[in-house]
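Reader: I would like to learn how to read aromatic rings in a protein model. Please take me through them.

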Amino acid sequence: MKVSTVSRRIRDLEFQLGAAIFERQRRRIVPTGAGRIFLRETARLLVNFHGLVLAVRKVADGQAGQISIGYHGSAACGNLFRLLFERNPVCPDVQHLPIELPYERIFDGLECGALDLAIVRGQPEPFRGRSVALWRERILVALPETHRLAHKSAIIWADLADEVFLLTSHDPIKHTTRLITERLYGHSVVPQITIHPVSHAAILHMVGLDQGISLGFGSIASGHHPRVVFRELSGPQGLEYVTSFACWRDYEVNSALRRLLRYLFQKYPPAADPMSAS
């Protein structure tokens, strides 16, 4: 800029502020007392504004922000725990907000926009958005420690034909009851299944009091559950597993979620790209 232009702009600024910013001393220009405050604060404002611009760009690019992730059941350890609570090495500035919901309410949360992503165990039916398979977990049998089967390292379905199954309504009841019914089909008794609107922890307390047995996923065995033991369950094809799925709306996919889905696709490669899976 020309010296005259700089001088004119300084005069205009001092007129707006109502105070002198600079003064001439021995052939040099120095800030006044008010000018030193003005320069210090404007420098701070410029640094903050620069940081704001970078932050907005990172959010727009999906490198920062927040993703609300709905889940059901135990998340004490394993892949679900790492996804919900550990920092993503690819996007460390994206915060994952875990929201635990009963299985039947998770898809409502996606539909209304309260959730960006949901992790569900078992086929996500009748969800109408996008979904992709991630990891598998073992299905375990929870037994009272005094149960007749507690000494066995692995249990087959035939061992459970006369048992009372205690299930929580927070889980995908249709899938679980269908599994029990199909696996015990052909045995002499109809499976005894009771469903309670309580948490997994409450169900395990009931198991510990010898009120029945329950089915759970691998992560439930990591906690401390007095008077309860966990055993692997074998089916016709070997150990029983359940697959966890990532589900999201097929519209309004923000940049942070898109990056997370790419990361999940690379870590748990499915048959198709998650951005095109149905």
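Reader: What sits over the ring of Tyr241?

Author: A charge sits over a ring if NZ of Lys or CZ of Arg is within 6 Å of the ring centre and within 35 degrees of the ring normal. Here the charged end of Arg136 takes that place, 4.1 Å from the centre of the Tyr241 ring. The model is predicted: local features need pLDDT of at least 70, side-chain atom pairs count only at pLDDT 80 or more, and totals for chains, interfaces and linings use all residues. Residues are numbered from 1 along each chain as its sequence is written, and side-chain values use heavy atoms, with hydrogens and water left out.

Reader: How many aromatic pairs does a search of the whole structure find?

Author: Rings of Phe, Tyr and Trp (its six-membered ring) pair if their centres lie within 6.5 Å; planes under 30 degrees apart count as stacked, over 60 as edge-to-face and the rest as tilted. The search finds four pairs. In one of them, Phe81 and Phe85 have ring centres 5.2 Å apart and planes at 45°, so this pair is tilted.

Reader: Are Phe107 and Phe127 stacked or edge-to-face?

Author: Their planes are at 20° and their centres 5.2 Å apart, so the pair is stacked.

Reader: Is Phe107 buried or exposed?

Author: Buried means under 20% relative accessible area, exposed over 50%, partly exposed in between (1.4 Å probe, protein chains only). Phe107, at 10%, is buried, and Phe127, at 13%, is buried too. Phe81 is partly exposed at 29%, and Phe85 is partly exposed at 43%.
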